[in-house]
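Subject: Handover of a structure for your study

Dear colleague,

Please find below the structure that I am passing on to you. I would ask you to keep it open while you read the notes that follow it.

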Amino acid sequence: MKRIVLASRPEGAPTPENFRLETGELPEPGEGEVLVRTHYMSLDPYMRGRMDDAKSYAAPVPIGGTMEAGGVGEVIASNDPSFKPGDFAFGMLGWATHGVQPAKMLRKIDPDQMPISATLGVLGMPGFTGWYGLTELGRPQKGETLVVAAATGPVGSMVGQLARLAGLRVIGIAGGSEKCKLATDTFGFDACIDHRAYEAAKDLRKAISDAAPDGVDIYFENVGGKVLEAVLPLMNPHGRIPICGMIAWYNAGGLGAGANSDTLTGPDLWRNILVKFLSVNGFIIANHWDRFGEFLKEVAPRVASGEIKYLEDVAEGLEAAPEAFIAMLEGGNTGKQVVKLV
Ligand code: NDP
């Protein structure tokens, strides 16, 4: 089997040298465990945090440890009656061609129900994140206006499409005119603004304001940085900001160092929250798996019917994972980034 381990911790943006490919024996499943051959593995922004040795909501990957990832594949050996060879399963299989997991940590997948890669994106953790954050914390109301960045990614595209279906005006922010075209033409956003076209937050703010003449009721926070600076002053009273992610700052080693803001200071931030009576809620989706069944029940039929669309960006082979991951953090992906191993 092959796996990719964390060779060293990055300073700023990760580089290929932070990763190392290793080859070894196929692992043996122990009692109650299952061996899965990974067909698709997921690359997600949260993995950048796992590369740092910093206190966070999850433990860091140790140096020499296999990089963490969700994966989906075929069971090739099982020491648990709930799985048999030939079954398909999702689990935290890591950046590796094969993974061993306790059976109870795996979810059985029916490959006849949906393409198995969808369990990593639209019908997996990122899609669920968008659904949960929007419905639970965004509390969308018909006629309101929502802004979401990383609009063509698996979280942003889920948020935007659900909000649009709920009767909101939906404004996407994305990197580049092609992604913006996808946001409007494929995902049905009312408008999309290319954040790369604006150097200064105030100019981006003007563009968002033009697209949101009634102000912004929900800012679904995926990115932080310049987009946050641009949107915050446009929030309407009683607006909601589900804080899902802040990818603009991930490579900067945390909020402080990377923010580099001369327009949005701490006092500005608090003042906006106070005078606009904003609800600002951070959430980590891993704490809400009890709602996953509800999400699937509601969203899977809408994906199957084509009402909710999704895009995947497929890198080929385990060796391609580091470059694809590094690129994703800078917007190099179009749609859910997965790696195809089989
Ligand atoms: P995406 O597939 O959308 O990939 C990340 C995207 O972020 C890039 O493609 C790029 O899109 C955008 N981006 C990168 N840098 C910047 C920047 N400086 N300014 C604006 N946009 C930028 O990712 P996901 O849909 O998987 O995740 C979206 C967010 O949700 C992330 O912040 C992630 O960490 C978070 N998340 C949080 C979870 C939670 O439990 N709270 C769970 C899952 C995800 P573009 O080129 O369009 O700018």
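Which residues have the most contacts inside the largest nonpolar core? They are V147, A151, I208 and V231, in a core of 57 residues. Please bear in mind throughout that this is a predicted model.

Leaving aside its neighbours within four places in sequence, V147 is in contact with I171, I173, I208, A212, V216, Y219 and V231. There is also a second, separate core, which has 35 residues and includes Y40, V75, A96 and M328.

The domains

The domain assignment divides the chain into domain 1 (2–121 + 311–340) and domain 2 (125–285). Taken over C-alpha atoms, the centres of domain 1 and domain 2 are separated by 28 Å. Where the two meet, domain 1 gives 15 residues to the contact and domain 2 gives 14 residues. On the side of domain 1 that touches domain 2, five residues are nonpolar, seven are polar and three are charged.

The surroundings of the ligand

There are 31 residues around the ligand, of which G153, G175, G245, A248 and G331 come nearest. Two or more residues of this shell are given by each of α2 (125–138), α3 (154–165) and α6 (225–231). The largest share, three residues, comes from α3. Domain 1 and domain 2 each supply at least three residues to the shell. Sorted by class, the shell around the ligand holds 17 nonpolar, twelve polar and two charged residues.

An α-helix has 3.6 residues a turn, so residues three or four places apart point the same way.

In helix α5 (residues 201–211), the buried residues are A201, L204, R205, I208 and A211. These residues lie on the same side of α5 because they cover an arc of only 125 degrees around the axis. The elements that cover the buried residues of α5 include β8 (145–149), β9, β10 and α6. I208 of this helix is also one of the residues with the most contacts inside the largest nonpolar core.

Helix α4 (residues 177–186) has K179, C180, L182 and A183 as its buried residues. Their arc around the axis is only 155 degrees, so they are on the same side of α4. The buried residues of α4 pack against α3, β9 (169–174) and β10 (191–194). What lies on the face of α4 turned away from its buried side? That face carries the exposed residues S177, E178 and D185. After α4 comes G188, which has a positive phi, near 75 degrees.

A glycine in helix α1

Finally, please look at G49, which is placed in helix α1 (residues 46–50). Is G49 buried or partly exposed? G49 counts as partly exposed because it has 16 C-beta neighbours inside 10 Å, whereas a buried residue would need 20 or more. Leaving aside neighbours within four places in sequence, G49 is in contact with S56 and Y250. G49 and W95 are 46 residues apart in sequence, and their C-alpha atoms are 15 Å apart in space.

Yours sincerely,

A colleague

How values were computed:
Residues are numbered from 1 along each chain as its sequence is written. This is a predicted model: local features need pLDDT of at least 70, side-chain atom pairs count only at pLDDT 80 or more; totals for chains, interfaces and linings use all residues. A residue is near a molecule or strand if its C-beta atom, placed from the backbone, lies within 6 Å of it. Helices (H or I, at least four residues) and strands (E, at least two) are DSSP runs, numbered from the N terminus. Ala, Val, Leu, Ile, Met, Phe, Trp, Tyr, Cys and Pro count as nonpolar, Asp, Glu, Lys and Arg as charged, and the others, Gly among them, as polar. Domain bounds come from an automatic or database domain assignment. A residue is buried if 20 or more other C-beta atoms lie within 10 Å of its own, exposed if 12 or fewer, and partly exposed in between; C-beta atoms are placed from the backbone. The arc is that of the directions from the helix axis to the C-beta atoms. Two residues are in contact if their C-beta atoms, placed from the backbone, lie within 7 Å. A nonpolar core is a set of buried Ala, Val, Leu, Ile, Met, Phe, Trp, Tyr and Cys residues joined through C-beta atoms within 7 Å.
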